[in-house]
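Please read this briefing with the sequence and the 3D structure side by side, and look up each element as it is named.

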Amino acid sequence: MAKSTKASGSQTELFSNDSDFLEADRRATSRQLRQDSIVAQHNDLIRARYEMSLLESRLFICLLGRIDRKDKDFLLCRIPVSELYPDEKVGGKAYAQVREAVIRLASRVIHVESIDENGRREIVSNPLMATCRYKEGSGYLIAQFNNFVKPYLLELQGNFTVAEIQTLLGFRSFYSYRLYWLLKSAAFHHETIKLELSSLKKTLNLEQRYQNFADFKRFVLDIAKHELSITDMAFDYKQLKDGRAVTALSFHLLRPAVVTQDDIKLPEGTQQTLTEVGLSLKSLSDIKLRFQQGGLPEDYLRFVIHYYQEAKKKGRLKSLAGAIYKALMTDQLRQEFQLWQANQPTYHAPKATHKTAKVEIIPLDVLREQFESLSTKGLAEYDTFEAYLDWMLSQAMYDMDVIDGKEVLVYTEPATDIPKA
């Protein structure tokens, strides 16, 4: 009978006997990779300390690519072996490699270090996988993430980074994969990124390897530089020294144009949405420039995002990011937008009365961002924004309206009579 391997103190298992595998197969989902080809990770997980083989990292991405943004729990998923070899023919040797990758990934521990609001450091170490199973000849693996990584992969609200699945699966070095994520997580804020050598080696779990910097340069940095040269994180780097010893590295991103803090600002809430749907930095830069030049009205920008988000929900769209980018750069939906505008109710300011009342207009997307900020800090009294909004609308002083094509919440302070003269 085939063996069953279990990692002590965790849920991690490798099953290859018929009955266990068939039971897992019965419960597993055949969900495909995300149609928008985008995956996301919290930046704390990107900076976490761990090591994998290239095949393990591909398995990680294929499982990550099956997460839906609305998921609240991890699914047990089937992953075809062919997905782990995107540019190669799967042969007999591949199955032996997959078996080894499954065993190794099942035992991988992720070390996540974070800092709380009081500046105190915390490090948490836990297994990455809840289960990882493979049966020779089945043609697929069955895997599921450990609940430990929920805060870093599910219902992400901020401080996360997105990347394209095909870019990640194209790497042939695990260190290229790690450096890509590390650089991309900092690219929105910096064009030149400084990383302490000791910190970088710790993140890559290479503290005991490549003690000679020339070896680290040869087997890690230069390979990553070559592989990333055809991606949006192409870079050059400089060695920073203390005397003769290299102590840090300065990475300069070459393309595309990097978005900085002082760059053009899009209307509130739209930049985060465009990032979440997977627009590249170059595409986002193009949209910002068009907005600055006056060729992209705010109402049209919001209309296009909403229009294609709805089309995606109905299954009529393969690439959400591509459709939004094309419509914003070519006015593809201008006719639909004008028709939508014509059907919007006209807003009339309330007529003056003998009573005075303070009226406050709060854009709905601003209110949502405020709620999500409170929710992230554990300060929200309601589980969802919808529940919070329903409570507000149950109060007499709140109402919904549409002004200039935007949904807003209207707060009217209870009026008081003007004293008679």
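What follows covers a sheet, the nonpolar cores and a pair of helices.

This is a predicted model, in which local features need pLDDT of at least 70 and side-chain atom pairs count only at pLDDT 80 or more, while totals for chains, interfaces and linings use all residues. Residues are numbered from 1 along each chain as its sequence is written, and side-chain values use heavy atoms, with hydrogens and water left out. Helices (H or I, at least four residues) and strands (E, at least two) are DSSP runs, numbered from the N terminus.

**The sheet**
- Three strands form an open sheet in the order E4-E8-E7 with antiparallel pairing, where two strands pair if DSSP finds at least two bridges between them.
- E4 and E7 are the edge strands, each pairing on one side only, and neighbouring strands are turned by 25 degrees against each other on average, direction ignored.
- Helix H3 (residues 54-64) packs on this sheet and touches E4, E7 and E8, its direction making about 70 degrees with that of E8.
- Strand E4 (residues 77-80) is joined to strand E8 (residues 140-145) by four bridges, and Cys 77 stands opposite Ala 143, whereas Ile 79 has Leu 141 as its bridge partner.
- Five bridges join strand E7 (residues 129-134) to E8, and the hairpin of these strands has five residues between them, with Gly 137 taking a positive phi near 90 degrees.

**The nonpolar cores**
- A nonpolar core is a set of buried Ala, Val, Leu, Ile, Met, Phe, Trp, Tyr and Cys residues joined through side-chain atoms within 4.5 Å, and buried means under 20% relative accessible area, exposed over 50%, partly exposed in between (1.4 Å probe, protein chains only).
- The largest core has 75 residues, of which Phe 145, Phe 216, Leu 249 and Phe 251 touch the most other members, and helix H7 (residues 174-186) gives the most to this core, with nine residues.
- Apart from this core lies another, of 23 residues, including Leu 274 and Tyr 308.

**Two crossing helices**
- The axes of helix H12 (residues 298-313) and helix H14 (residues 334-342) come within 10 Å and cross at roughly 105 degrees, axes being lines fitted to C-alpha atoms, for helices over the stretch in contact, with angles from 0 to 180 degrees between N-to-C directions.
- H12 is therefore roughly perpendicular to H14, a term for angles of 65 to 115 degrees.
- Residues of H12, among them Phe 303 and Tyr 307, meet residues of H14, including Phe 337 and Trp 340, where contact means heavy atoms within 4.5 Å.

Note on methods
Parallel < 35°, antiparallel > 145°, perpendicular 65-115°, else oblique.
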